Amino acid sequence: MTKTLKDFDTVCKPDWCPGCGNFGIQIAIKQALANLNLEPHDVAMVSGIGCSSKMPHWVDTYGLHTLHGRAVPPASGIKLVNPRLTVIINSGDGDGYGIGVGHLVHTMRRNIDMTYMVHNNMVYGLTKGQTTPTSAKGYKSPSTPFGAIEEPMNPIALALTMGATFVARGYAGDVPHLTKLIEEAVKHKGFSLIDTFQPCVTFNKINTYAFFVQNVYKLEADSAYDKSNWNMAMEKAHQTDKLPIGIFYQVQKPTYEEQEPGMANVSATKLDISNIDITKAMERYM
Ligand code: SF4
């Protein structure tokens with residue numbers, strides 16, 4: 001039976017601020033899962049901490065809301081133990097590119113088959129508007145009242161450098177486009193990053209819907225663009241006069257799971273453990 005958004009509704013309603021870009025991302029995720037005809041029990045959503053990280057509460061799949069910056073290790077564990085699950089991580093720019101960046105870069109080079117969505121609003125929303133790693137130089141906030149001194153990090157360039165095999169950027173205000181990106185990322189066999197521009201209507205008065213409407217354009221509109229060309233992708237990653245969205249780079253490489261000898265053709269969830277006695281192991285902790 002054809003799936004719809006409603007198949008992924010939860011009984012709880014989101015408490016994001018009215019107009020928050022997270023609503024657009026939530027709709028895009030649900031629509032992508034429905035279009036891919038996935039069942040709620042086929043998907044595990046994992047998150048860290050932040051406004052974005054409440055997502056597992058409001059999309060009806062398996063869900064795990066973890067610690068600040070720590071979504072990637074449990075998500076990796078879920079995927080490695082049960083490779084049949086579609087694993088989607090939801091994180092913010094503070095969560096994923098700040099405290100959690102160490103986990104992120106190593107997972108990119110491992111090429112574990114997961115989709116990592118960063119809701120990039122260039123501000124810490126949940127803690128009331130501080131500067132994050134993607135805030136622009138000069139950005140004024142409670143943590144940088146005279147303007148941010150550091151240059152912002154470039155997540156697309158970082159992902160390309162770390163060997164991510166699917167690197168994309170979406171915009172929460174263009175739900176059909178973002179839906180398609182999520183579908184492609186989930187179908188991709190390997191690690192997928194979708195850095196997603198997400199307006200924070202409460203704290204970021206610079207990177208607004210109006211700003212993005214004026215500044216984003218779609219990579220696929222350029223017929224000469226070749227998403228298998230790493231150098232071309234890197235050049236686009238550094239474009240600042242306008243902001244490209246779409247798939248910057250996609251290449252097929254063996255996943256971590258495919259190369260790990262202990263996982264060859266076997267899912268840990270399928271192993272017969274009825275004859276395994278863990279009493280001795282547990283005694284160590286008593
Ligand atoms: Fe959204 Fe910003 Fe409100 Fe958080 S603080 S819910 S990111 S608008």
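## Strand pairing around S6

Two strands pair if DSSP finds at least two bridges between them. Strands here are DSSP runs of E with at least two residues, helices are runs of H or I with at least four, and both are numbered from the N terminus. In this predicted model, local features need pLDDT of at least 70, side-chain atom pairs count only at pLDDT 80 or more, and totals for chains, interfaces and linings use all residues. Residues are numbered from 1 along each chain as its sequence is written, and side-chain values use heavy atoms, without hydrogens and water.

Strand S5 (residues 166-171) runs parallel to S6, with six bridges between them; Phe166 has Ser192 as its bridge partner in S6. Strand S4 (residues 115-120) is likewise parallel to S6 and joined to it by six bridges, and Val118 is partnered there by Asp195.

## Burial of S6

In strand S6 (residues 192-197), six of six residues are buried, that is, under 20% relative accessible area with a 1.4 Å probe, protein chains only. In a regular strand, side chains alternate between the two faces of the sheet. One side of S6 carries Ser192, Ile194 and Thr196, the other Leu193, Asp195 and Phe197, and all are buried.

## The nonpolar core

A nonpolar core is a set of buried Ala, Val, Leu, Ile, Met, Phe, Trp, Tyr and Cys residues joined through side-chain atoms within 4.5 Å. The largest has 30 residues, and Tyr116 and Leu193 are among those with the most contacts inside it. Helix H5 (155-161) is one of the elements that supply at least two of its residues; H5 gives the largest share, four residues.

Terms used. Buried means under 20% relative accessible area, exposed over 50%, partly exposed in between (1.4 Å probe, protein chains only).
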